[in-house]
Amino acid sequence: MLDLRLIRKNYGEVRQRIATRGEEYVKLVDEVYRLDKEKREIQKEVEILRALLNKKSREYGKLKREGKEDENLKRELSQIKENLSRLEEKLKLLEEELYQTLLRIPNLPHPTVPVGRDENDNVEVRKWGEPPKFNFNPKPHWELGEYLGILDFEKGTKLSGSRFVVKRGLGARLVRALINFMLDLHTKNGYLEMYVPHLVKPEILIGTGQLPKFEEDLFKCERDGLYLIPTAEVPLTNLHRDEILKEEELPIYYTAYTPCYRREAGSYGRDIKGLIRLHQFDKVELVKITTPERSYEELEKLVRDAEKVLQELELPYRVVELCTGDLGFSASKTYDIEVWMPSYNRYREISSCSNCEDFQARRMKLRYKTKNGKNLYCHTLNGSGLAIGRTLAAILENYQQEDGSVSVPKALRPYLGGLEVIEPHG
RNA sequence: GGAGGGGUGGCCGAGCGGACGAAGGCGCGGCGCUGGAAACGCCGUGUGCCCGUUUUUCGGGCACCGAGGGUUCGAAUCCCUCCCCCUCCGCCA
């Protein structure tokens with residue numbers, strides 16, 4: 001949520017910056033500006049009337065206790081109350097409309113973010129490793145997975161429909177190995193491992209920005225009013241909502257493994273094969289809560305922490321900085337990490353690391369008390385560290401051998417009982 | 001799912017129709033006492049919004065005692081609905 005006072009004071013600048021994400025948001029800013037102005041006028045009237053009512057009420061009570069009755073005063077009071085309730089009704093509607101509009105405005109991009117329309121305008125920051133050269137025709141991971149008997153897409157569809165998969169034997173074991181490997185790495189780097197609920201209340205999703213705008217992307221348990229989480233960012237970031245943390249407690253680093261559930265509305269036909277785009281996938285997530293002064297430094301470190309996973313697995317990747325048009329709703333600045341995928345002959349997103357500044361913190365009232373006693377909003381950051389399914393796909397494709405077997409990255413072998421090669425199994 | 005108990009400031013806890021943003025205690029901060037410290041004494045110590053002034057400051061107003069509604073001139077206090085927590089019983093991984 002944007003700071004209303006910023007919109008009031010720097011109206012022109014906010015309009016301009018929000019426009020770099022898409023022109024459609026400018027009119028929302030205009031609407032907020034107008035509603036806020038009107039709301040404050042009404043609020044002023046309401047408060048003046050209420051102060052008057054409080055004062056007269058005390059007078060009336062005093063008389064009453066002295067056994068006196070003042071009919072004129074009583075009439076005046078009911079007159080004030082009548083005006084007041086009409087104004088209050090109006091104020092409530094305005095406040096609600098203002099809030100709802102504000103909730104649909106995305107975060108302001110950081111001034112350093114390249115201005116652009118879509119992913120084509122993203123900027124490559126750095127590259128690591130070399131894409132493998134095959135002297136045979138490399139297979140896509142879904143073919144390898146089925147050949148090896150570790151991925152079963154048919155069974156996934158049988159159970160749950162399209163965009164679901166069953167992992168079998170070593171496939172299932174690899175998921176478990178990757179989760180453990182990543183959590184071990186991150187906890188070594190100072191992240192506190194958490195295990196969190198996968199179903200959350202709507203206000204939790206409002207906190208991180210998935211609601212109200214992206215309801216259609218979520219799975220909902222209607223009966224209970226709960227939603228399946230689309231990422232562990234949601235429960236992790238909300239852990240301290242409605243709290244005032246001590247400055248000394250910051251920064252807080254969390255990591256958690258969770259499954260992620262996404263309806264993928266509007267992506268029909270995209271990445272229909274393989275592990276790239278599923279309704280349910282696994283992910284190890286990184287979340288940081290920091291002070292505003294440190295948050296950009298922390299973002300750089302967060303990306304490095306996520307990169308470490310790929311470096312240890314020896315998978316080639318690059319880091320790109322998202323342009324304004326490609327930025328997620330809550331993010332001020334985002335780095336994507338893209339891993340090399342031979343079957344696509346290009347890099348594909350495997351992690352997204354964002355600084356949301358105070359955008360989420362304001363939505364969830366997540367604050368900290370400074371040393372001199374001021375309450376300020378925290379900055380929140382999150383990043384994948386990493387998406388398990390896509391990591392598995394990248395391993396299969398990059399480590400495949402001519403006979404269809406796949407060698408196991410060295411870093412992962414301890415998690416698979418020393419296994420060096422994945423071969424077809426029944 | 002059934003029966004009972006309860007939600008008040010950072011915490012404990014009083015208040016059960018007006019002078020209550022809320023006693024008292026603990027904690028925390030400052031000052032005093034001390035060679036230093038403990039103990040003790042004094043002072044201070046919630047959050048949000050609006051208006052004015054203003055860089056920080058300060059002054060005024062409004063709201064907040066789980067949430068929402070109602071009664072009343074006036075509600076933390078009375079009534080209704082909902083949520084949450086605790087105890088016991090049932091069911092259950």
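I began at glutamate 298, whose side chain makes a polar contact with the side chain of lysine 288 at 2.7 Å; a polar contact here is a pair of N or O atoms within 3.5 Å, where within protein one must be able to donate a hydrogen and the other to accept it, and residues adjacent in sequence count only if both atoms are side-chain atoms. This is a predicted model, in which local features need pLDDT of at least 70 and side-chain atom pairs count only at pLDDT 80 or more, while totals for chains, interfaces and linings use all residues. Residues are numbered from 1 along each chain as its sequence is written, chains are lettered from A and ligands numbered from 1 in the order in which they are written, and side-chain values use heavy atoms, with hydrogens and water left out.

**Entry: around glutamate 298**

I placed glutamate 298 in helix α10 (residues 295–312), helices being DSSP runs of H or I with at least four residues and strands runs of E with at least two, numbered from the N terminus. I then noted a polar contact of 2.5 Å between the side chains of glutamate 298 and tyrosine 253. Leaving aside neighbours within four places in sequence, I listed Pro251, Tyr253, Lys288, Thr290 and Leu381 as the residues in contact with glutamate 298, contact meaning heavy atoms within 4.5 Å. Glutamate 298 is buried at 0% relative accessible area, where buried means under 20%, exposed over 50% and partly exposed in between (1.4 Å probe, protein chains only).

**Entry: salt bridges**

I counted 24 salt bridges by the rule that a side-chain nitrogen of Lys or Arg lies within 4 Å of a carboxyl oxygen of Asp or Glu. One of them joins glutamate 298 to arginine 294 at 2.7 Å, N to O, and arginine 294 is partly exposed at 29%. Salt bridges that share partners also join Glu264, Asp271, Arg277 and Arg348 into one network.

In helix α3 (residues 26–65) I found arginine 40 and aspartate 36 four residues apart, about one turn of the helix, with their side chains meeting in a salt bridge of 2.8 Å, N to O; aspartate 36 is buried at 2%, whereas arginine 40 is partly exposed at 36%.

**Entry: backbone**

I found a cis peptide bond between leucine 211 and proline 212, with omega about 0°, and proline 212 sits in the loop between α8 (202–208) and β6 (220–221). The peptide bond from glycine 385 to leucine 386 is also cis, with omega near 5°, and leucine 386 belongs to strand β16 (residues 379–387).

Glutamate 264 is not a glycine, yet has a positive phi of about 55°; I located it in the loop between β9 (252–261) and β10 (280–290), and at 15% relative accessibility it counts as buried.

**Entry: the two domains**

Chain A is divided into domain 1 (4–103) and domain 2 (119–422), with bounds from an automatic or database domain assignment, and 43 Å separate their centres, taken over C-alpha atoms. Six residues of domain 1 are in contact with 10 residues of domain 2. The area buried between the domains is about 680 Å², of which carbon and sulfur atoms give 44%; buried area is the accessible area (1.4 Å probe) that two parts lose on being put together, summed over both. Across this interface I found zero salt bridges and six residue pairs in polar contact, both residues at pLDDT 80 or more.
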